[in-house]
Every structure is written in structure tokens, then in C-alpha cells.
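Please keep the sequence and the model at hand while reading.

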Amino acid sequence: MDVVILAGGAAPPDLQTLHALLASQPDALLIGVDRGALYLIEAGLELDHAVGDFDSVSQEEFALIQAKSRSIHRSPAEKDDTDMELALVMAMEQTDPANTNYYLFGAITSKEGRLDHLIANLWLVYQPRFKAIQGQLHFMDEARQIDFLTPGCQVIHNRNQARYLSIISLTPVEDLVINQAKYTLAQTSYTYPRALISNEFMGQDPVEVSFKTGLVMVILEKKT
């Protein structure tokens, strides 16, 4: 069973990609984070869990969230963890992390969103408690997808017809190789984070990426 999480944002997100994912995985665990829970309910979806301090919704909206969610996990407004961190911890506790993909929607949008929230969400992969699921974290929105690669040989498919492929090392990386992309890379090591952006797929062929040590972020971008 995979997990689908929607974060609360400054504006209601386009949920077309989320709906498509749920259609292909009807048994996925659905979690709304703060106002994200309200967005899911307004889209006609029934939540498994609503998580957060809910400081961005009115009393009437929170009552609706309570009525339409199977479980409510309300936290204090002043706390050490973000609402997204709380949701991800809970999701890991209720699933088998080794065999679960975690799809995070509304966590990387830049439209009317806060930059500090964006950074906090992307930096989740650095936290030791989330290290076990680095390769199973997927940040999604209508225009892009962000995945994370751990050492080994990985195959990247262009399932969403992305125009651009960016491969970004988040740490020093050893023996990075990129094959079957428009711009290939022979075995190269970097002692610092390095952004290799604006690459492209060659038709429908998948791209192969391999490296020995480090952590790599992959961005698939639809925008022209």
C-alpha cells in the first residue's frame, strides 16, 4: 500500500495528477495535511487521516474535516516538527517503509507558496529518521516530479512526458554516470553538490543513472 499526502498551501492546487494516481492505486493511504485536508474533501475524496495544527482553517472548515476524515491528528500550533514531518512520520508508522512509495503533493509548488516551506520539504531527505525512505519519496505537482536516488544503478522513465530532466547531486557523489540521455556523462566524481540541469530524454528510451556514493535528486519538468 502506497501513501498519498497533500500539503496545505496558499491556494487550492490542481489535483489532476493526484486523482490520476489514486485511480491507479485505489488502496493508497490518503492523508491531508492542515488545509490540504480541506482541499481533498472539497474535491470529493474521503481521507484516511487529517494531520496538522489546522491554524489555516476556520472552525467551520475544521468541523467539516472532522466529519469527512476517518482519523484526526491535531497538533499544537507551537511545536518542533512541521505538519508535513508529522504526517510523514505517521505514514511510516502505518506502512512497511521498505515496500511503500510516499507521494507528496502540494509540497513543492511555488505559486503563492513560502520559500522556507519548500526548502523544509525538500530537506526531509537529509533527516536520519527519513533516510530509509529516501528512494521512495516522490514530490509531485502538475508541472514536475522530484525523486531521489540512492547509490546503485537506476533507470528513469519519462512516464509524464517531461521536457527537461535535471540530475542534481545533493551531497558529494562518487563515479556518477548518465547514459541514454541527450547529454551523457562519463564516470565523474564531485566533492560538492552539483546541478546538471536541462537534460532531455531521447524519445521514449529511459535514462540510466549510476553512482557509488552520495544522494542524487532527479527533477522531471514539463514546463517549456
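How much space lies in the second largest pocket? About 520 Å³ of space lies in this pocket, where a volume is the space filled by probe spheres set on grid points that are joined across faces, edges and corners.

## Basis of the description

This is a predicted model, in which local features need pLDDT of at least 70 and side-chain atom pairs count only at pLDDT 80 or more, while totals for chains, interfaces and linings use all residues. Residues are numbered from 1 along each chain as its sequence is written, and side-chain values use heavy atoms, with hydrogens and water left out.

## The second largest pocket

A pocket is, on a 1 Å grid over the protein atoms alone, an open set of points where a 1.4 Å probe fits, with protein on both sides within 12 Å along at least five of seven lines, and its lining residues have an atom within 4 Å of a point. The second largest pocket is lined by 21 residues, of which His138, Gln145, Asp147, His157 and Arg159 lie nearest its centre. Two or more residues of the lining come from each of α1 (16-24), β6 (137-140), β7 (144-149), β8 (152-156) and β14 (216-221), helices (H or I, at least four residues) and strands (E, at least two) being DSSP runs numbered from the N terminus. The strand that gives the most is β7, with four residues.

Because domain 1 (1-142) and domain 2 (143-223) both give residues to the lining, the pocket lies between them; the domain bounds come from an automatic or database domain assignment.

## The ten-stranded sheet

Ten strands form an open sheet of mixed pairing, in the order β4-β3-β2-β1-β5-β6-β7-β14-β9-β12, and two strands are taken to pair if DSSP finds at least two bridges between them. At the edges stand β4 (72-74) and β12 (195-199), each with a single partner strand, so one side of each is left without a neighbour in the sheet. Within this sheet, β7 and β14 pair in the antiparallel sense over six bridges, and Phe148 stands opposite Met217 in β14.

## The four-stranded sheet and the annotation

A further open sheet is formed by four strands in the order β8-β13-β10-β11, with antiparallel pairing. Its edges are β8 and β11 (185-190), each with a single partner strand, so one side of each is left without a neighbour in the sheet. Strands β10 (residues 173-179) and β13 (residues 207-211) run antiparallel and are joined by three bridges, and the bridge partner of Ile178 in β13 is Val209.

According to an unreviewed UniProt entry, the annotation "domain: Thiamin pyrophosphokinase thiamin-binding" covers residues 152-217. The span 152-217 is 0% helix and 55% strand, and its end C-alpha atoms lie 14 Å apart.

Key
UniProt positions renumbered as here; feature names shortened; annotations may be inferred.
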